[in-house]
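Please look at the model before reading the answers.

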Amino acid sequence: MKKFFLHLTIIISLFTISAKAQSKISVVDLKCEMLNNPEGIDVLQPRLSWQIKADVNEVKQTAYHIIVASTLENLNTNNADLWDSGKVESNESVTIIYKGKTLENRQNAFWKVKIWTNKGEFQSAEKAFFSMGILNYADWKSTRWIGYEKASPGDSISQYSRLSARYLRKEINLKKKIKSAKVYLMGLGMYELYINGNKIGNQVLAPVPTDYTKNVKYNVFDVTSELKEGKNALGTILGNGRFFTMRQDYKPYKIKTFGYPKMALQLFVEYTDGSKEIIRTDDTWKVTTNGPILSNNEYDGEDYDARKELVNWNTVNFDDKNWLNAEYVQEPGGFYEAQMTPNMKVMGEVKPISIKQTPKGTYILDMGQNMVGWLQLKVKGKSGDKVTLKFAESLQTDGSLYIENLRDARTTDHYILKGEGEETWEPRFIFHGFRFVEVSGFPVKPALDNFVGKVIYDNIKTTGTFESSDATMNQVFKNAYWGIRGNYKGMPIDCPQRNERQPWLGDRTTGAYGESFIFDNQTLYAKWLDDIKNAQTADGGIPDVAPAFWRYYGDNVTWPGTYITVADMLYQQFADKKVIEKHYPSMKKWIMYMEKNYLVKDLMTKDKYGDWCVPPESLELIHSKDSARTTNGELIASAFYYHLLQKMKKFAVISNAEKGDVQYYEDLSQRIKSAFNTKFFNSETNNYANNTVTANLLPLTFGMVPENLENKVFENIIHEVEVTYKGHISTGVIGTQFLMRTLSQFGRPDLSYKLASNNTYPSWGYMAKNGATTIWELWNGNTADPKMNSQNHVMLLGDLLIWYYENTAGIKSNPETPGFKEIIMKPDFNSGLTFVNASYESIHGLIKSHWKKSKNTLVWNVTIPPNTSAVVYLPTENASNVTINNQKLNKTSNTYKTEKGNLVLILSSGSYVLNVK
């Protein structure tokens with residue numbers, strides 16, 4: 001009997017332990033195509049993903065079972081009428097390809113997943129959803145593009161274009177009880193959608209911009225709750241965006257424009273009796289330009305006359321007898337596609353920190369932060385009072401706005417009051433890059449409470465945090481955070497303030513990689529790769545700007561090569577294999593195009609920008625004139641082309657390319673490497689060309705240096721950094737992409753740290769010390785010629801953020817297991833920092849690394865997401881010096897080895913406290 005009770009007690013205890021473990025494990029964050037519950041996708045075999053959350057260690061998925069159903073009722077009863085994967089023995093939890101029935105136009109799909117782990121079985125509590133969009137061009141038949149193709153009084157089709165917003169409306173009568181309803185909308189350049197007076201969605205500046213002659217994005221909204229049986233009113237406002245571009249009738253050989261704003265819309269209604277109805281845009285819609293938005297120009301600002309507001313224009317029974325019938329207009333020309341990345345929205349608010357009156361009676365508002373978005377104002381006054389808001393990044397010495405660096409962008413909003421109590425206004429179709437605002441015409445003395453800054457960028461999650469023992473590094477990280485998010489505008493742009501704001505490829509060649517630690521930018525950059533592909537010429541050329549709103553087809557390696565490096569980033573950071581398979585043919589086409597046209601004697605002869613923006617020798621210069629600082633363009637182009645060929649070898653394997661592709665890239669690489677060293681390598685001094693840091697850095701980083709001479713070349717780099725440039729940076733956009741990691745890789749993390757923590761010229765810290773709250777375009781952005789002097793640019797970050805995460809925090813995805821399935825945690829503990837505290841929300845879950853050094857002890861707190869593992873490097877060879885969660889390492893079951901002065905151990909998921917004495 002005693003044995004029976006003993007066994008019963010053990011069984012109950014084990015059951016209790018198992019129940020506790022199960023209660024601490026959950027399946028969360030279900031995504032389709034990396035989006036939460038997306039409406040209107042056009043991927044026929046979408047990829048499904050989930051995360052596992054756990055408060056217990058060593059959780060490993062062993063199998064999964066996905067059910068996809070056409071209704072929520074079917075899903076709840078496990079009726080998988082679209083797809084039943086069955087139990088699949090696998091530890092994969094990201095980008096699982098749907099393999100069910102063919103998904104059709106407007107198809108709804110509900111799904112859930114059950115997983116098996118070494119700790120038990122778990123069902124997702126979340127019921128995830130996605131719907132299909134309009135999959136075929138023909139299904140837009142009878143849906144007409146409508147608009148108003150004329151200028152109105154007050155408009156100007158000139159260099160400084162002005163065009164009033166288009167207001168469109170239609171009343172409809174829905175005669176039955178509504179089961180569901182969705183709107184499919186293409187509103188160009190930008191739109192706002194209303195039903196019965198209510199704005200639909202929280203998006204702004206939608207849709208994301210494209211080259212509209214190549215592709216046009218549609219947005220989808222479930223509007224079931226907004227409609228009612230009987231009369232309903234549909235309304236849209238169309239702004240200009242990049243469609244009716246900011247500079248009309250000006251440099252047409254360079255600047256693309258697409259026409260007047262226009263739209264195409266379908267409202268698809270399903271009634272409870274099973275019948276369906278489609279309401280489409282046609283010439284029964286009404287249109288007017290005689291509304292309050294007098295002008296909206298991304299460079300110049302928005303003008304709004306509240307006296308002309310159209311009260312209740314988007315509700316039923318509005319008198320639109322003075323409105324015109326909408327015109328049938330030409331379609332944009334591009335193919336219609338679902339938008340597979342989030343729109344922009346208001347992502348935050350900034351309250352001003354001061355307001356000061358100027359001698360001329362205006363007021364200068366200081367937001368305390370260089371930000372991107374717009375300003376909301378609250379004001380009381382008489383009808384006809386006009387408030388003017390002019391935006392700039394900095395001030396002149398006399399306290400007035402510094403606007404020279406804006407070039408011809410006017411960056412000014414105007415608001416004319418209607419005179420009815422307190423009025424609140426903010427723009428709809430523009431954004432500004434600014435810290436300071438000059439306020440004039442305010443009816444009374446303005447106060448801080450009259451203004452709120454609205455921060456606008458893509459609706460994507462912040463995934464990374466970072467702090468360290470160095471205050472300069474922390475401020476630079478904050479500056480980078482503000483600069484990156486401000487320049488996400490449905491595409492990555494170079495700057496948000498002057499008359500440019502273009503998606504330059506070279507600004508993100510490596511920058512996109514660093515950004516991916518801070519923001520969930522996967523869908524943004526996947527969309528951008530499509531923009532680049534669409535911009536490719538028939539013979540293979542790729543422009544420097546894509547979408548090609550500016551026509552810069554000049555051919556070089558370092559800017560168009562971004563097409564390849566960004567795809568590699570998406571694979572490395574997000575395990576996105578699809579982008580490589582999709583774009584490989586176009587990438588190969590460009591590689592062969594460059595070889596055919598510019599490879600001479602096995603060297604790439606075409607370069608355009610050199611090592612752009614090296615720190616100049618004189619503080620007022622934009623570009624250095626010192627030949628000793630200038631790296632040979634042929635060297636840069638040849639080395640970078642070699643570097644890209646190594647990635648293409650990998651891509652050829654991933655995409656199952658033609659059999660001879662890998663050998664083609666290999667043979668070409670070897671020929672270039674041989675010719676490169678023959679021409680540029682000095683075997684007596686062990687340096688390349690004129691011995692700039694970039695000239696030596698590129699071949700060293702790319703593996704082109706003759707065998708056993710790597711350290712000799714590295715010594716030349718160290719001499720240049722430490723002696724010639726006195727411990728300061730001397731590289732431009734190209735060299736800085738590899739500088740920090742290579743210094744650490746070859747044993748000088750202390751020098752990387754010195755460059756990161758400097759606050760004298762030239763350095764990132766110098767920017768911060770001189771008042772920057774974002775990253776400058778130039779190392780000497782406070783003194784350089786204003787012709788090219790943006791104070792919010794991210795191109796000079798290079799590989800700094802990658803170094804922050806991978807080298808100082810030790811958060812790096814193993815290249816052999818992309819997407820952080822296995823994490824390499826190898827911080828440079830001897831860089832000079834005394835603590836680092838960083839986190840990164842990977843596709844598998846939250847990774848944390850928080851280490852702190854004292855004189856004799858290292859304490860390192862590590863969090864590894866469920867269903868992943870980490871290779872952890874500890875700076876000792878003596879296992880008796882190490883404890884894990886207060887247990888001696890050599891007394892635990894963890895396996896470890898010694899490697900070059902480190903103890904290396906593999907940890908399964910969970911949270912650990914590592915102590916090293």
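Q: Why is Ile847 called buried?
A: Ile847 has a relative accessible area of 0%. Buried means under 20%, exposed over 50% and partly exposed in between, with a 1.4 Å probe and protein chains only; Ile847 is therefore buried.

Q: What kind of model is this, and how are its residues and side chains treated?
A: This is a predicted model, in which local features need pLDDT of at least 70 and side-chain atom pairs count only at pLDDT 80 or more, while totals for chains, interfaces and linings use all residues. Residues are numbered from 1 along each chain as its sequence is written, and side-chain values use heavy atoms, with hydrogens and water left out.

Q: In which strand is Ile847 found, and which residues does Ile847 touch?
A: Ile847 belongs to strand S44, residues 845–853; strands (E, at least two residues) and helices (H or I, at least four) are DSSP runs numbered from the N terminus. Leaving aside residues up to four places away in sequence, Ile847 has contacts (heavy atoms within 4.5 Å) with Ile811, Phe820, Ile823, Met825, Ala838, Ser839, Tyr840, Ser842, Thr863 and Pro865. The C-alpha atoms of Ile847 and Ser911 are separated by 9.6 Å, although these residues are 64 residues apart along the chain.

Q: What makes Phe391 and Phe434 an aromatic pair, and why is the pair called edge-to-face?
A: The whole structure holds 58 aromatic pairs. In the pair of Phe391 and Phe434, the rings are 4.8 Å apart, centre to centre, with 70 degrees between the planes. Rings of Phe, Tyr and Trp (its six-membered ring) pair if their centres lie within 6.5 Å, and planes under 30 degrees apart count as stacked, over 60 as edge-to-face and the rest as tilted; the pair of Phe391 and Phe434 is therefore edge-to-face.

Q: Why does this pair tie together separate parts of the sequence?
A: Phe391 lies in strand S29 (residues 386–392) and Phe434 in strand S34 (residues 432–440), so the pair joins parts that are 43 residues apart in sequence. Phe391 has a relative accessible area of 1% and is therefore buried. Phe434, at 0%, is likewise buried.

Q: How do you know that Phe702 and Phe738 form an edge-to-face pair, and which parts do they link?
A: Their rings are 5.0 Å apart, centre to centre, with 90 degrees between the planes, which makes the pair edge-to-face. Phe702 lies in helix H10 (residues 693–702) and Phe738 in the loop between helix H11 (710–724) and helix H12 (739–745), so the pair ties together parts 36 residues apart in sequence. Both Phe702 and Phe738 are buried.

Q: Which residues form one aromatic cluster?
A: One aromatic cluster is made up of Phe466, Phe477, Tyr513, Phe517, Trp803, Tyr804, Tyr805, Phe820 and Tyr840.

Q: Why is the charged end of Arg485 said to sit over the ring of Trp482?
A: The charged end of Arg485 is 4.0 Å from the centre of the Trp482 ring. A charge sits over a ring if NZ of Lys or CZ of Arg is within 6 Å of the ring centre and within 35 degrees of the ring normal. Likewise, the charged end of Lys826 sits over the ring of Tyr873, 4.7 Å from its centre.

Q: What makes a space a cavity or a pocket?
A: On a 1 Å grid over the protein atoms alone, a cavity is a set of points where a 1.4 Å probe fits but cannot get out, whereas a pocket is an open set with protein on both sides within 12 Å along at least five of seven lines; lining residues have an atom within 4 Å of a point. Grid points are joined across faces, edges and corners, and a volume is the space filled by probe spheres set on the points. The structure holds six cavities of 30 Å³ or more.

Q: What are the volume and lining of the largest cavity?
A: The largest cavity has about 100 Å³ of space. Its lining has 13 residues, with Met190, Pro209, Arg242, Glu298 and Lys489 nearest the centre.
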